[in-house]
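Keep the picture beside you as you read.

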Amino acid sequence: MFQYKTLQAKACIYFASGFTLLWVICNIVLYYEFQKTIWDNFDKQMSTQASLILNSTSIDPRLVPLPQSGENFMIVYNDFYGTSDTLFVPPPELLNKLQLERHIHLEAEISEGKLSIIYSIPSDGIDKSIRKINYIFSLAFIVEIILAVVIGYWLSRKLIRPVKNVIELADSTDLQNNTLLLEEPKGKDELKDLIMSFNRMLLRIREQSDLQKTFFASASHELRTPLSIMQTRLQILLLDDETTAEAKKIYEEQLADVKRMVAMVNDFLLMSELQNGNMQVNKTECNLSDIITTIIARNKEQKNNRNLNFKISFIPSDGSFTVNADEDKLYMILHNLITNSLKYSPASSVIEILLQEIKKNHISICVKNDIREGITPKISMLKKSFYHSKPLKGEGSGLGLWIANKLSEISNFNLAVSIKDNTFEATLHLWNNCE
Amino acid sequence: MKILLIEDEKNLALFVEKGLQQAGYSVEKTNDGSKGMEMAASETFDLILLDLMLPGINGFDLLKNLRSFVVKTPLIIISALSNTEHVVKGLDLGAVDYIKKPFDWDELLARIRVIQKKNSHNSSGKITIEDLTIDIIGRKVIRAEKEIRLTAKEYLLLEYLARNANRIVSKTQIMEYVWELDFDPGSNIVEVHIYQLRQKIDKGFDFPLIETVVGLGYILKGEKEINR
């Protein structure tokens with residue numbers, strides 16, 4: 001049996017069941033009363049006729065009325081001495097019928113003793129009437145069930161409609177776009193209380209959301225600004241001709257440290273934003289090839305230092321490789337995948353990037369690389385935060401794949417990672433739901 | 001090039017000013033948003049570098065006000081606020097670029113040079129091949145009087161083919177010019193972009209301009225004319 005999960009369906013079923021049960025009980029009582037009345041009337045009729053026959057019967061002279069059409073009776077006379085004499089007995093087949101059919105038994109005292117009669121008439125008409133009543137009640141039952149369901153459905157819809165309105169409005173609530181509060185109904189019932197409570201809750205949530213946004217903006221500014229100062233200062237000093245070679249060496253190391261700190265601050269801020277569910281998605285048309293080649297160009301130094309190369313393939317070559325997505329988040333996801341491949345590939349190896357148009361509006365990007373010696377990542381741990389398969393000296397916060405995975409979820413993409421034969425593969429599936 | 005720097009962090013402003021001067025630019029700076037707006041509206045600058053979190057006036061409001069006063073000076077936002085919504089808002093309000101703090105110095109200089117290049121040409125530079133015209137400065141492409149919209153890479157690819165019109169250019173040369181990278185020979189990124197470019201430049205027109213030379217590369221053929 002299927003389960004009804006909605007309140008409306010439950011209300012409809014409860015109403016229909018209750019109504020039907022009540023109806024059935026009433027109808028059963030009614031039916032038996034009808035039947036009893038009909039048979040009682042029939043018996044009265046027989047009793048009257050039997051009395052008439054007894055009144056018309058006499059012993060001396062012996063006089064017995066003959067049965068009318070359909071009548072069937074037997075009259076017996078008992079005197080005061082206990083002697084019994086059958087005054088009238090029907091033929092054997094009718095006598096048998098008399099005993100089997102519905103009959104009455106009457107007695108009358110007379111001056112000579114006692115007369116008793118067993119009397120019956122055909123009840124076919126009554127049986128027919130009772131069958132007719134059965135049909136009517138059965139039909140009424142079917143009609144009642146249909147009516148109960150229809151009325152139940154209508155009533156439950158009317159009652160649940162205000163609740164459904166609240167649900168629809170709640171579903172459409174988007175704190176990022178300052179959704180309006182629910183309109184309070186005029187009545188003073190529980191529904192009004194529900195909507196007022198909901199509106200108060202919305203206001204509290206919106207307040208918290210605004211506070212969080214302000215916090216992230218402030219934290220972002222307060223953490224990034226001093227780092228920006230340090231980074232710019234060091235870069236300018238390195239370009240200054242007056243800076244000595246020894247000082248330049250120190251500044252270069254400091255700059256590398258600052259850049260690492262910048263990356264970690266970015267990762268932590270992003271992680272906090274993701275955990276608080278504070279992220280907005282702003283979609284624009286994104287060219288995947290441009291994003292990937294920009295990331296590679298920005299990491300050219302690392303690529304060249306480790307003598308790595310990229311093989312970028314598009315399948316099919318006449319496919320469409322643009323998606324409607326939040327470019328910032330897509331960039332961060334691909335940046336994490338590609339910088340991971342630069343970190344964890346063996347030197348002088350080739351990193352493969354395969355863009356495939358699997359079908360219309362479904363594109364996959366696969367970043368594949370061999371794993372450098374000494375790194376033994378556990379596939380089940382890769383998407384967990386702060387996991388380093390083997391901490392590379394000073395590199396990364398361990399949040400890269402975790403962040404990439406969370407951003408994929410927010411963007412309704414799917415990120416799958418696998419390791420086979422010492423080859424790491426990260427595949428991002430993108431669905432192009434253009435609005 | 002004269003640059004106006006509006007940045008409230010004094011130390012950062014000092015070093016940015018120093019770095020820009022070392023790179024040969026003339027710089028004026030202020031750490032006050034209102035003052036910065038006054039300077040931008042009353043003096044002539046070639047570029048404005050604007051921080052968003054300013055005391056007194058919000059950077060977005062400042063930008064909005066400048067544009068409403070019809071101050072058309074190119075403006076780059078430099079900010080620690082890095083959400084997509086901030087970037088989109090800044091660009092929508094009229095900034096030509098948005099750099100997130102902390103930024104790479106070389107990247108800032110590169111973006112300034114792009115704007116400088118656009119500003120420094122007094123007359124338009126055009127390359128015409130048959131019925132195709134490429135406006136180098138405005139980055140506009142027109143064929144048979146129909147404007148064609150290209151992505152950044154498609155434009156670079158077309159410009160490279162056009163500059164080397166009637167000469168075969170190899171895949172490697174294209175990769176180095178367009179992407180400034182060398183990819184593994186197994187990559188088909190050039191083929192894909194040539195295909196996409198052909199769909200826009202050749203498809204639907206009387207004759208194709210881009211041809212494949214098997215085993216060697218590609219060639220854009222036609223009578224060439226350069227206007228400076």
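In chain A, helix H2 (residues 92-100) lies across S1 and strand S4 (113-120), and runs at about 85 degrees to S1(A). Helices (H or I, at least four residues) and strands (E, at least two) are DSSP runs, numbered from the N terminus. Axes are lines fitted to C-alpha atoms, for helices over the stretch in contact, with angles from 0 to 180 degrees between N-to-C directions, and contact means heavy atoms within 4.5 Å.

This is a predicted model: local features need pLDDT of at least 70, side-chain atom pairs count only at pLDDT 80 or more, and totals for chains, interfaces and linings use all residues. Residues are numbered from 1 along each chain as its sequence is written, chains are lettered from A and ligands numbered from 1 in the order in which they are written, and side-chain values use heavy atoms, leaving out hydrogens and water.

**The sheet in chain A**

- Four strands of chain A form an open sheet in the order S2-S1-S4-S3, with antiparallel pairing; two strands pair if DSSP finds at least two bridges between them.
- Its edge strands are S2 (84-88) and S3 (104-110) of chain A, each pairing on one side only.
- From one strand to the next, the twist averages 20 degrees.
- Strand S1 (residues 72-79) of chain A pairs with S2(A) in the antiparallel sense over 4 bridges, and A:Val76 has A:Thr86 in S2(A) as its bridge partner.

**The sheet in chain B**

- In chain B, 5 strands make an open sheet in the order S2-S1-S3-S4-S5, and here the pairing is parallel.
- Strand S1 (residues 2-6) of chain B is joined to S3(B) in the parallel sense over 4 bridges, with B:Ile6 opposite B:Leu50.
- Helix H1 (residues 10-22) of chain B lies across S1, S2 and S3 of chain B, at about 170 degrees to S2(B).
- Helix H3 (residues 59-68) of chain B lies across S1, S3 and S4 of chain B, at about 175 degrees to S4(B).

**A closer look at strand S4 of chain B**

- S4(B) (residues 75-79) is mostly covered, as 5 of its 5 residues are buried (under 20% relative accessible area with a 1.4 Å probe, protein chains only; exposed is over 50%, and partly exposed lies in between).
- B:Leu75, B:Ile77 and B:Ser79 point one way from S4(B), while B:Ile76 and B:Ile78 point the other way.
- S3 (residues 47-50) of chain B pairs with S4(B) in the parallel sense over 3 bridges, and B:Ile48 stands opposite B:Leu75.
- S4(B) also runs parallel to S5 (residues 97-100) of chain B, joined by 4 bridges.

**The nonpolar core**

- Which residues touch the most other members of the largest nonpolar core? Of its 77 residues, they are A:Ile312, A:Leu330 and A:Ile353; such a core is a set of buried Ala, Val, Leu, Ile, Met, Phe, Trp, Tyr and Cys residues joined through side-chain atoms within 4.5 Å.
- The largest share of this core, 7 residues, comes from helix H6 (residues 152-163) of chain B.
- Leaving aside neighbours within four places in sequence, A:Ile312 is in contact with residues including A:Ile292, A:Leu355, B:Phe183 and B:Ile189.
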